[in-house]
Structures are given as structure tokens and as C-alpha cells.
Amino acid sequence: MIFRLNNYMKVNLTITKENISSGIRAMPGACPIANSITESVNNITYVSVLPYDATIKVKKGNKLEAYRAIMPKIGNNFVKKFDNGADVAPFKLNINFKKISLDQVGLY
């Protein structure tokens, strides 16, 4: 579920077994959380999930908008465990994105 208000977007995610099994360790655009974001947010063109933040680009009409969120602690711990090869389980995660300028989005 996605809630939008002005320059903010709250995304309620469910990271599933399928997201985990298809996730790629140490790949910010293909980890289980990135896979869940891609499934949940329409018109997404870019996603990068790191232990400390998540960045996305979304196509709106003929332009792009960029959003960044500080990763909640539960997500931070999940990314670290997943990237280090530990067993992880499905869980729910709420991420609060804030709109940023496109030139703030770097490639990780």
C-alpha cells in the first residue's frame, strides 16, 4: 500500500519468501527489499537499497521524480544479515520516502 502527500510517499512493504529467494546479495537494485519496492511502486525506473537508505526514481507522465528514505532499523538489520549470508525470514516494512532532486541521485 502506498500513501502520497505532497513531497512524501509512505510505502508499506511485505518482503516475501519469493523476494528473498530471488534476491541477490550485495546488489542494491536486486536485494529482497528492492524487489518488494519494485513490485509495490508503479512506474519505478530505479531502485537502490543500502543498509542505511533506499533511493527510487518514479516516472510521472514524461518526467522522473526521485525519492530517498532513511532505512528503518528492521530493514537495516535485514540488509546486513542478507548480504552477509545469514538466514532471513519474510517480514513487513514501512518506508517513508521524501522527494529529492534528481541530481541528488547517484549510482551506488
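At 9% relative accessibility, Glu-65 counts as buried, where buried means under 20% relative accessible area, exposed over 50% and partly exposed in between, with a 1.4 Å probe and protein chains only. The model is a predicted one, in which local features need pLDDT of at least 70 and side-chain atom pairs count only at pLDDT 80 or more, while totals for chains, interfaces and linings use all residues. Residues are numbered from 1 along each chain as its sequence is written, and side-chain values use heavy atoms, with hydrogens and water left out.

Back to Glu-65, which is found in strand 5, residues 63–70. Helices (H or I, at least four residues) and strands (E, at least two) are DSSP runs numbered from the N terminus. The side chain of Glu-65 has a partner: a polar contact of 3.2 Å joins it to the side chain of Lys-99. A polar contact here is a pair of N or O atoms within 3.5 Å; within protein, one must be able to donate a hydrogen and the other to accept it, and residues adjacent in sequence count only if both atoms are side-chain atoms. Setting aside residues up to four places away in sequence, Glu-65 touches Ile-56, Lys-57, Val-58, Lys-60, Lys-99 and Leu-102, with contact taken as heavy atoms within 4.5 Å.

Next comes the nonpolar core, meaning a set of buried Ala, Val, Leu, Ile, Met, Phe, Trp, Tyr and Cys residues joined through side-chain atoms within 4.5 Å. The largest one has 26 residues, and Ile-33, Ile-37, Val-49, Ile-56, Ile-95 and Phe-97 touch the most other members. At least two residues of this core come from each of strand 2 (8–15), helix 2 (32–40), strand 3 (44–49), strand 4 (53–60), strand 5, helix 3 (73–83) and strand 6 (91–100). In soluble globular proteins, nonpolar side chains tend to be buried together.

Helix 2 has Pro-32, Ile-33, Ala-34, Asn-35, Ser-36 and Ile-37 as its buried residues. These pack against strand 2, helix 1 (17–22), strand 3, strand 4, helix 3 and strand 6. Take Ile-37: leaving aside neighbours within four places in sequence, it is in contact with Leu-13, Ile-44, Val-47, Val-49, Ile-56, Ile-95 and Phe-97.

Then there are the aromatics. Rings of Phe, Tyr and Trp (its six-membered ring) pair if their centres lie within 6.5 Å; planes under 30 degrees apart count as stacked, over 60 as edge-to-face and the rest as tilted. By this rule the model has two aromatic pairs. Phe-78 and Phe-82 have ring centres 6.2 Å apart and planes at 5°, so they are stacked. Because these two sit four residues apart in helix 3, about one helical turn separates them. Phe-78 is buried at 6% relative accessible area, and Phe-82 is buried at 3%. The other pair, Phe-78 with Phe-91, has centres 4.8 Å apart and planes at 40°, so it is tilted. This pair links distant parts of the chain, with Phe-78 in helix 3 and Phe-91 in strand 6, 13 residues apart. Phe-78, Phe-82 and Phe-91 form one aromatic cluster.

Charges also turn up over rings, which requires NZ of Lys or CZ of Arg within 6 Å of the ring centre and within 35 degrees of the ring normal. Arg-25 lies over the face of Phe-82, at 4.5 Å from the ring centre, and Lys-57 lies over the face of Tyr-46 at 5.4 Å.
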